[in-house]
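Please keep the sequence and the structure in view while reading.

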Amino acid sequence: MNTFCRHHRIEASGHIVTGTVILNVTARDLDGADEEGGRITYEITGGDNTQRFYIDPVTGALSVNAELDFDSTPSFLLQVSFRLIISGCTNTNITIYNLDT
């Protein structure tokens, strides 16, 4: 059984430096398959049409990939999925709000 069902709320400045890690996403397989040679990978699967974010597929580190323009987009709602290579896929939502308001 895979787990990854938490909504994260992040407050970030519009002046955040590109490449800054804003969240370390983690997932676990409750059956222990990830500890028995299974490998978890992470992917942004929704909400990032402008590619302003990047998630390291191995570590789950979510970082800013481009300037965040909170004037034109007051918040970002990302859907992040993880896949246990020997199992299926599950996802979570992450909302990034403007800290400067």
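In this predicted model, the largest nonpolar core holds 20 residues, and the members that touch the most other members are Ile-22, Tyr-42, Phe-53, Leu-62 and Leu-68. Two or more residues of this core come from each of strand 2 (8–12), strand 3 (21–24), strand 5 (40–46), strand 6, strand 7 (61–64) and strand 8. Strand 8 gives the largest share of the core, with five residues.

**The chain as a whole**

- The protein chain has nine strands and zero helices, and its pattern, when read along the sequence, is β-β-β-β-β-β-β-β-β.
- Of the 101 residues in the protein chain, 40% are buried, while the chain exposes about 6000 Å², of which carbon and sulfur atoms supply 47%.

**Confidence of the prediction**

- The average pLDDT of the protein chain is 79, and 67% of the residues reach a score of at least 70.
- Confidence in the protein chain is lowest in strand 1 (residues 2–3), where the mean is 46, and it is highest in strand 6, where the mean is 96.

**The aromatic rings**

- How many aromatic pairs does a search of the whole structure find? The search of the whole structure finds two aromatic pairs.
- In one of them, the ring centres of Phe-53 and Phe-76 are 5.3 Å apart and the ring planes stand at 75°, which is over the 60 degrees that the edge-to-face class requires, so this pair is edge-to-face.
- Because Phe-53 belongs to strand 6 (residues 53–55) and Phe-76 to strand 8 (residues 75–84), this pair ties together parts that are 23 residues apart in sequence.
- Both Phe-53 and Phe-76 are buried.
- The rings of Phe-70 and Phe-76 also form a pair, with centres 5.7 Å apart and planes at 65°, so this pair is edge-to-face as well.
- Why does Phe-70 count as buried? Phe-70 has a relative accessibility of 8%, and buried means under 20%, so Phe-70 falls on the buried side of the cut-off.
- The relative accessible area of Phe-76 is 6%, so this residue is buried too.
- Taken together, the ring pairs link Phe-53, Phe-70 and Phe-76 into a cluster.

**Two single residues**

- Where is the place of Ile-16? Ile-16 sits in the loop between strand 2 and strand 3.
- Not counting residues up to four places away in sequence, Ile-16 touches Ile-22, Val-64 and Leu-68.
- Ile-16 and Leu-68 are 52 residues apart along the chain, and their C-alpha atoms are separated by 7.6 Å.
- Thr-41 has its place in strand 5, and because its relative accessibility is 19%, which is under the 20% cut-off, Thr-41 counts as buried.
- The C-alpha atoms of Thr-41 and Ala-27 are separated by 9.2 Å, and these residues are 14 residues apart along the chain.

Terms used. Residues are numbered from 1 along each chain as its sequence is written. This is a predicted model: local features need pLDDT of at least 70, side-chain atom pairs count only at pLDDT 80 or more; totals for chains, interfaces and linings use all residues. Side-chain values use heavy atoms; hydrogens and water are left out. Rings of Phe, Tyr and Trp (its six-membered ring) pair if their centres lie within 6.5 Å; planes under 30 degrees apart count as stacked, over 60 as edge-to-face and the rest as tilted. Helices (H or I, at least four residues) and strands (E, at least two) are DSSP runs, numbered from the N terminus. Buried means under 20% relative accessible area, exposed over 50%, partly exposed in between (1.4 Å probe, protein chains only). pLDDT is the predictor's confidence in each residue, from 0 to 100. A nonpolar core is a set of buried Ala, Val, Leu, Ile, Met, Phe, Trp, Tyr and Cys residues joined through side-chain atoms within 4.5 Å. Accessible areas come from the Shrake-Rupley method with a 1.4 Å probe; for residues, only the protein chains shown count as cover. Contact means heavy atoms within 4.5 Å.
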